[in-house]
Amino acid sequence: MATLQPVRGTHDLLPDDARKHNHVVATARALGDAYGYGEIATPIFEQTEVFKRTLGDTSDVVTKEMYTFEDKGGDSITLRPEGTAAVARSYISGKMQDQLPLKFFYHGPMFRYERPQKGRQRQFHQIGIELFGVADPVGDVEVIALGAQILEKLGVQDWCTLELNTLGDTESRDAYRAALVAYFEGHRDRLSEDSKDRLHRNPLRILDSKDKGDRTIIEQAPRFDAYLTPAAQDFFARVQEGLTDLGIGYTRNERLVRGLDYYCHTAFEFTTDRLGSQSAVLAGGRYDGLIGTMGGPETAGVGWAAGIERLTMLAEQWPAQARPVTFIPLGEAADKALRKIAFELRGQGIAIDMGYSGNLKRRMARANKAGARLAVIVGDDELAQNQATLRDMDGGEQRTVPLAELAQYLKN
RNA sequence: GUGCCCUUAGCUCAGCCGGUUAGAGCGCCUGGUUGUGGUCCAGGAGGUCGCCGGUUCGAAUCCGGUAGGGCACCCCA
């Protein structure tokens with residue numbers, strides 16, 4: 001029988017990874033709380049329709065990347081490939097429209113059947129936020145600001161740049177799309193195969209093609225700004241102004257686009273050049289048409305998602321681990337006595353490391369490996385006098401303290 | 001889904017124009033220290049050379065397939 005392996009593109013979060021992972025989540029959650037974004041946890045699977053309707057039948061995510069299966073009741077179920085659709089579904093099924101504005105923070109695993117790469121797994125984890133019911137650009141600014149501060153708190157902001165663009169309103173976008181298709185049709189034969197395909201499916205996407213031949217054609221392509229309605233221009237100007245007021249730097253990237261119709265106005269990505277071709281670290285935008293598309297009441301929305309694995313790879317500073325106190329009993333009687341004290345102190349939240357076997361030498365080595373700040377040694381000698389030997393693991397000094405007073409020496 | 005690269009000890013890697021018992025560093029274990037870790041010294045354990053098949057007198061080494069990882073594309077966090 002072949003050795004058991006994890007499913008391709010999945011991996012275990014060992015304690016060390018999990019600690020980092022949790023730190024990212026905790027940092028995001030704390031800032032989310034500060035902004036009033038309450039945590040929401042939706043199921044990791046949904047009716048397939050939830051994602052089909054929102055992502056569109058033409059997107060790669062729907063056409064080839066979803067984990068879709070039929071459950072025993074015959075329903076088509078999909079492991080969520082992203083969080084926004086699920087949160088929107090919750091909003092709709094919970095009939096929350098008269099509680100607007102609503103602010104949500106979420107985190108959890110997402111699933112996409114893709115070819116794994118560095119910074120890209122089939123099961124990966126995201127943090128994300130959604131703001132429903134705010135049509136004003138202050139919403140866009142707030143959402144971006146929250147993202148920027150999370151990156152800052154994680155110490156990764158220096159490796160990230162905020163790229164910003166606008167997709168305008170429907171009127172702007174329709175006009176632009178028509179102009180773009182007309183232009184590219186004129187150069188159809190020189191377009192890459194991928195881009196020829198995109199011409200029908202997703203013409204805006206041609207703008208960020210990496211194909212060299214495409215790039216020269218794109219340079220001469222019509223510019224979005226020329227097709228923005230005054231209202232859309234004003235909206236974008238107010239987003240930029242809001243960011244500037246907060247001292248959040250950004251660069252305009254006119255090629256930053258989204259393919260789906262319900263996206264509008266602001267599109268942004270915090271990108272990095274440190275993760276190979278996986279440059280997007282935290283990305284989002286405004287999606288005023290999404291909830292309506294899903295069959296809910298027309299509701300403005302803006303939000304973003306960020307990959308926890310990618311953030312973890314970028315971050316270099318992690319909070320120091322709490323250093324435990326290692327209990328070292330010598331002999332059965334001492335073991336019994338210390339187990340009881342450990343039980344009480346652990347109950348008070350004091351981290352006690354205590355092994356299960358071994359002589360003093362072994363147990364000291366264990367204390368060292370555990371990063372203990374103190375070792376509490378109790379042998380027959382100490383036990384007879386109700387005392388413990390307290391060893392400072394850094395300096396090596398030892399002192400004798402009464403067992404009854406142990407707790408006060410171990411606090412802090 | 002397409003192209004290219006990689007896979008040897010728990011980890012990081014050397015060995016690879018085929019040829020006796022496959023190596024190093026780190027880690028692990030034991031001893032030097034009967035109740036004292038981290039440094040040092042000595043010793044030891046640990047490998048179906050990813051897997052399957054082929055070529056050959058002989059394969060870690062060459063060839064084919066397959067799985068996993070990586071890079072680029074696609075797409076995206």
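Author: Happy to! Helices (H or I, at least four residues) and strands (E, at least two) are runs assigned by DSSP and numbered from the N terminus. With that in hand, let's start at Arg286, which is found in strand S10.

A word on the ground rules. This is a predicted model, where local features need pLDDT of at least 70 and side-chain atom pairs count only at pLDDT 80 or more, while totals for chains, interfaces and linings use all residues; side-chain values use heavy atoms, with hydrogens and water left out. Residues are numbered from 1 along each chain as its sequence is written, and chains are lettered from A and ligands numbered from 1 in the order in which they are written.

Is Arg286 buried or exposed? Arg286 has a relative accessible area of 0%, so it counts as buried (under 20% relative accessible area; exposed is over 50%, partly exposed in between, with a 1.4 Å probe and protein chains only). Its side chain is joined to that of Asp288 by a polar contact of 2.8 Å. Such a contact is a pair of N or O atoms within 3.5 Å; within protein, one must be able to donate a hydrogen and the other to accept it, and residues adjacent in sequence count only if both atoms are side-chain atoms. Gly247 is 39 residues away from Arg286 along the chain, and their C-alpha atoms are separated by 21 Å.

Now widen the view to the strand. S10 spans 280–286 and supplies at least two residues of the surface near RNA strand B, where near means that a heavy atom of the residue lies within 4 Å.

By type, the surface has 12 nonpolar, 13 polar and 20 charged residues (Ala, Val, Leu, Ile, Met, Phe, Trp, Tyr, Cys and Pro are nonpolar, Asp, Glu, Lys and Arg charged, and the others, Gly among them, polar).

Which parts of the RNA do particular residues approach? An N or O atom in the side chain of Arg112 is 2.3 Å from a sugar or linking oxygen of RNA strand B. For Lys118, a backbone N or O atom lies 2.4 Å from a phosphate oxygen. The side chain of Glu114 has an N or O atom 3.2 Å from a base oxygen.

Asn386, in the loop between H14 and S15, has a positive phi of about 55 degrees although it is not a glycine. Pro101, in the loop between helix H4 (84–93) and strand S5 (102–111), is joined to Leu100 by a cis peptide bond with omega about 0 degrees.
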